Amino acid sequence: MSTPGSLLSFNINDGYIEGILRGFRLGLLSNVDYSNLTQCDALDDMKIHLATTGYGDFLENEPSPLHTTTIAEKCTLKMVEEFNYLRANVVNPLAQFLDYIRYGYMIDNVVLLITGTLHERDPEELKEKCHPLGLFDSMRTISAEATVDGLYNNVLIDTPLGPYIQSCLSKEDLNEMNIEIIRNTLFKAYLEDFYAFCMKLGGTTAEVMHDILMFEADRRAINITLNSFGTDLTRDDRAKLYPALGILHPEGIEKLKKCDDADQVKAAIDFYPKYRDLFNDTQFNEDKTLEDSFFEHEVDMHKHSFYRQGGYGAFYSYFKLKEQEIRNIVWIAECIMQDQKSKMNQYIPLFPN
C-alpha cells in the first residue's frame, strides 16, 4: 500500500502524478518572463508574450481591447484545468488531500452565496462570481426565491463543508452574524481539520504541511486582530475565531486577545522573530504592507516544498504559488492600464527560471 509517509512506497500510486506536478511547476513564469511583461506597453503585448509561456494561447479568442478581469479569469481557469487533471488521476489519500485544497475556495463561495441571498441578488449572477475551484453540486439548486433558511437546509448542508457548517453555525447565525465572522469561523474549523488530516498522514507530508498550516493559522490570527479594531467585534468574539494551532498558540494568542491597537499587536508578536521581522519590513517601505510581507514569506515557504520528495506538500504549494503568479500578472496588467509603470516591479517573483 502506498502511503505519503513512506519513501519506499510513495511512488506506487503517487510517483507519476508528482512528476506531472513538477512539470507544471516548471511552467511557472521565470524572472525573464516577468522582465518581458514589465516592458509591455499594452495588454495586447502581454497577450503576445504570455502565449510563449506555459499559458499558451489561452487568450487567443479574446477580442481587443483586453481587460484585466479577462486576463485574471482566464489565468484562473488555466489553474483550475491543471487541478482537475491532477484530481482525476489520483487515488486516496492524495485525492482527499486535493479535496482539502478545494475547501478553502468553497468557503469563499459559501460566504458569497450567503451575502448575495441576504441582499436578494440574482443567483445566476452569484454563481458567475464564485471561484471555479470552489464550485459544488448543490449550487445548481439555488433558485431566485432562495432564502437563507433554504440555502442552509438545501444547499450548504449538502456541500463538503457541511460538517463545519453544522458544528459551527446555525440558520439564525446566517441571518444575524457578521459575514466576516462566518468566514473566519469556517476557516478556523477547516484549518484545524486539515492540520489533523495532514498529521495523520505522517512522513514528509506532515513535516511540510505542519510549517505551512501553522503559518496560515498565525497569519489569520494576526489579521483577525488587526481588522477587528474600530468594529463592533468584542474581545470575546474575536477569541472564538483564532485557530487552535500555530506558533502563536497558545501564549501569543493570549497576548493578541488583549490587544486594542496595532502597536499592541506588534508588541505581542515581538517575541516571535519570524513575525517581528515581517512587521519590521513594512516600517521603512511605505509601498509595502504587512500583507505583502506575508505573501513574500508564504512564497518562500512554498518554494521550499519542492525541495522535498515523497509527500503531498508540493501539491498544496503549487496552487498557492500559482495564485501568487496570477496576482503578479494582474498587478502588471493593472499598472499598464493605469499608466503606473513606476510601480510595475512591485510583484513577488517566484522561481528564477
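The paragraphs below lead through this predicted model, from its confidence to its pockets, cysteines and backbone.

Because the model is predicted, local features need pLDDT of at least 70 and side-chain atom pairs count only at pLDDT 80 or more, while totals for chains, interfaces and linings use all residues. Residues are numbered from 1 along each chain as its sequence is written, and side-chain values use heavy atoms, with hydrogens and water left out. The average pLDDT (the predictor's confidence in each residue, from 0 to 100) is 89 for the protein, and 95% of the residues score at least 70. Among its elements (helices are DSSP runs of H or I with at least four residues, strands are runs of E with at least two, numbered from the N terminus), helix α18, residues 313–337, has the highest mean pLDDT, 96, whereas helix α10, residues 171–176, has the lowest, 76.

A pocket is defined on a 1 Å grid over the protein atoms alone, as an open set of points where a 1.4 Å probe fits, with protein on both sides within 12 Å along at least five of seven lines, and its lining residues have an atom within 4 Å of a point. The largest pocket holds about 900 Å³ of space, a volume being the space filled by probe spheres set on points joined across faces, edges and corners. Its lining comprises 33 residues, and those nearest the centre are Asp108, Arg183, Phe187, Glu216 and Arg220. Two or more lining residues come from each of α6 (94–118), α11 (179–201), α12 (203–228), α17 (290–305) and α18. By class, twelve of the lining residues are nonpolar (Ala, Val, Leu, Ile, Met, Phe, Trp, Tyr, Cys and Pro), twelve are charged (Asp, Glu, Lys and Arg), and nine are polar (the others, Gly among them).

The second largest pocket has a volume of about 340 Å³, and among its 14 lining residues Asp292, Trp331, Gln346, Tyr347 and Ile348 are the closest to the centre. Both α17 and α18 supply at least two residues of this lining, with α18 giving the most, four.

The loop between α17 and α18 contains Phe306, which is buried at 9% relative accessibility (buried means under 20% relative accessible area, exposed over 50%, partly exposed in between, with a 1.4 Å probe and protein chains only). Leaving aside residues up to four places away in sequence, Phe306 touches Leu21, Arg22, Arg25, Ala314, Ser317, Tyr318, Leu321 and Phe351, where contact means heavy atoms within 4.5 Å.

Turning to the cysteines, the count of disulfides (pairs of cysteine sulfur atoms within 2.5 Å) is zero.

The backbone has some details to inspect. Most residues other than glycine have a negative phi, and most peptide bonds are trans. In the segment after α18, Asp339 has a positive phi, near 55°, and is exposed at 62% relative accessibility.
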